[in-house]
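Dear colleague,

Please find the structure handed over below.

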Amino acid sequence: MKPAERMGENMKNMTLTNIARACNGRLLYPAENSRKETEHAEAAGVVIDSRKAGENFIFVATKGERVDGHRFIPDVFAKGALGVVCEKEPESLPGPCIVVEDSFEALKQIGEFYRQQLPVKVVGITGSVGKTSTKEFVAAVLAMKYKVHKTLGNYNNEVGVPLTVLSMPEDTEVAVLEMGINHFGEMHNLSRIARPDICIMTNIGQCHLEFLGSREGILKAKSEMFDFMKEDGSVCINGDDDMLASIKEVKGKKPVTFGLSEQCRVYATDIKGKGLFGSEAVIHGNGESFAVQIPLPGEHMVYNALAAAAAGQLLGLTPEEIRDGIAAVESVSGRSHIVKLPDKVLIDDCYNANPVSMEAAIDLLLQADGRRVAVMGDMFELGEQEKEMHARVGKYAADKGVECIICAGKLARYIYEGAREAAGERKDGPAAEIFYFEDRESLLEGINQILKPGDTILIKASHGMGFEKVVGQLS
């Protein structure tokens with residue numbers, strides 16, 4: 001089930017009166033008979049897209065950059081909406097309306113209210129890199145025992161998290177919520193909505209530095225996740241991450257650590273890579289050891305599997321259930337997704353990028369046979385050191401021996417320059433072919449003249465670069 005879309009079942013206790021109370025709204029009825037007909041009815045769904053509003057849905061009218069949802073209030077009532085949350089009272093009330101000061105704030109409050117109506121366990125996942133992949137591993141493992149609802153798409157912010165919660169079926173047993181931020185205070189708000197029972201933190205890297213300032217700032221901002229964690233909740237952290245390892249206690253409990261070090265409570269040994277097609281390992285934890293097949297490539301996927309194993313153990317899964325869940329994980333488009341084509345292989349990792357994830361993706365590319373091609377674009381929100389960080393990525397790719405490096409974007413010029421400088425210094429083999437394009441459109445025009453049959457091609461940039469169009473053209 002996609003976020004913000006429901007199949008029509010009622011939402012527990014989500015009456016107009018309760019929703020208005022939850023968001024401090026003023027509930028208005030067009031007529032007394034309308035009040036009598038609807039005041040005890042439970043909503044079938046909550047949406048901010050009028051096109052998704054159906055019978056007995058609540059439509060939250062929001063003002064976007066291009067479209068004001070208030071324009072569509074008559075349309076949703078024509079489709080049978082139960083009510084509307086809006087910032088201004090319509091001139092003639094076409095149906096019950098809840099008037100609030102801020103519709104986006106109301107959405108968060110309504111999500112918070114609904115989360116507390118259901119006896120669901122919530123696993124919250126955050127970190128600089130790997131949130132989505134970790135969410136997929138955790139959801140796949142927990143689905144071996146429970147009915148699981150998970151974040152889909154990019155519904156991980158102050159709009160996406162409440163929509164994900166509000167799309168949760170009443171019979172959900174565990175919700176796995178990805179929680180992404182780039183400013184202080186945002187995770188506090190997400191934690192208030194999610195009320196996590198288990199908090200998983202994957203790592204603290206160099207992303208959103210423009211707003212959070214430093215890795216210490218990132219740790220502080222992401223630690224707001226603990227603000228509304230259940231009192232008997234658990235924290236799972238990557239024990240190999242130097243910043244996360246500084247967390248010694250949360251609400252009187254030691255965190256559950258996972259990693260490759262045997263000092264972690266859940267750790268992996270006997271890791272054997274199978275190139276682009278995953279790896280195998282032995283996971284140890286809770287006094288048990290068991291072999292697993294990890295179907296997605298890269299060492300970072302071992303960490304994701306370990307996080308899922310830690311969550312599974314906390315929620316009572318057996319080693320067999322954890323093993324089967326890890327084996328069942330499937331890659332998500334845009335995140336280390338391997339696309340096999342007749343004459344080439346694509347590594348579609350274009351959803352987002354920062355220096356840490358760029359280097360991890362290059363390491364993954366190096367596992368391929370044949371000529372390795374890295375197509376890299378701008379990384380956003382890196383702050384004052386953005387030029388140096390882009391250059392570092394280019395140098396890393398050239399130093400590691402990537403045979404062909406293609407850069408596109410204003411900031412990617414520094415990837416290009418870093419790669420050129422490193423290639424000129426290499427003494428242990430042929431230098432890479434290195435190309436630069438000013439933007440995505442010129443890349444799309446010129447890339448086919450560079451690629452060759454048999455290439456394995458990594459495609460990676462921040463989401464705003466729109467490199468999914470590069471994937472689409474090459475596919």
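Lysine 400 counts as partly exposed, at 41% relative accessibility; the classes used are buried for under 20% relative accessible area, exposed for over 50% and partly exposed in between (1.4 Å probe, protein chains only). This is a predicted model, in which local features need pLDDT of at least 70 and side-chain atom pairs count only at pLDDT 80 or more, while totals for chains, interfaces and linings use all residues. Residues are numbered from 1 along each chain as its sequence is written, and side-chain values use heavy atoms, with hydrogens and water left out.

Lysine 400 sits in the loop between H13 and strand E18 (404-408). Helices (H or I, at least four residues) and strands (E, at least two) are DSSP runs, numbered from the N terminus. Apart from neighbours within four places in sequence, lysine 400 is in contact with Asp363 and Leu366, where contact means heavy atoms within 4.5 Å.

**Helices H13 and H14**

Two packed helices are described by the angle between their axes and the distance between the axes. Helix H13 (residues 386-399) packs against helix H14 (residues 412-425) at an angle of about 40°, and their axes are 6 Å apart. H13 is therefore oblique to H14. Axes here are lines fitted to C-alpha atoms, for helices over the stretch in contact, and angles run from 0 to 180 degrees between N-to-C directions. Angles under 35 degrees count as roughly parallel, over 145 as roughly antiparallel, 65 to 115 as roughly perpendicular and the rest as oblique.

From H13, the residues Lys387, His390, Ala391, Gly394, Lys395, Ala398 and Asp399 meet Ala412, Tyr414, Ile415, Gly418, Ala419, Ala422 and Ala423 of H14. The residues of this contact of H13 with H14 comprise eight nonpolar, three polar and three charged. In this scheme Ala, Val, Leu, Ile, Met, Phe, Trp, Tyr, Cys and Pro count as nonpolar, Asp, Glu, Lys and Arg as charged, and the others, Gly among them, as polar.

Glutamate 381 lies in the loop between strand E17 (372-377) and H13. Its phi is near 60°, a positive value in a residue other than glycine. Glutamate 381 is partly exposed, with a relative accessible area of 23%.

**Helices H4 and H7**

The axes of H4 and helix H7 (residues 186-194) cross at roughly 35° and come within 7 Å. Lys108, Gly111, Glu112 and Arg115 of H4 make the contact with Asn189, Arg192, Ile193 and Ala194 of H7. By class, the contact of H4 with H7 has four charged, two polar and two nonpolar residues.

Glutamate 112 belongs to helix H4 (residues 103-115) and is buried, with a relative accessible area of 15%. Beyond its neighbours within four places in sequence, glutamate 112 is in contact with Arg192, Ile193 and Arg195. Arginine 195 is in the loop between H7 and E9, and its phi is near 45°, a positive value in a residue other than glycine. Arginine 195 counts as buried at 19% relative accessibility.

Which residues does methionine 358 touch, not counting residues up to four places away in sequence? They are Ala353, Met376, Gly377, Met379, Val393, Lys460 and Ala461. Methionine 358 is found in helix H12 (residues 355-365) and counts as buried at 0% relative accessibility. The C-alpha atoms of methionine 358 and lysine 460 are separated by 7.3 Å, although the residues are 102 apart along the chain.

Threonine 456 lies in strand E20 (residues 456-460) and is buried, with a relative accessible area of 4%. Leaving aside neighbours within four places in sequence, threonine 456 is in contact with residues including Leu276, Val345, Ile347, Leu365 and Val373.

Yours sincerely
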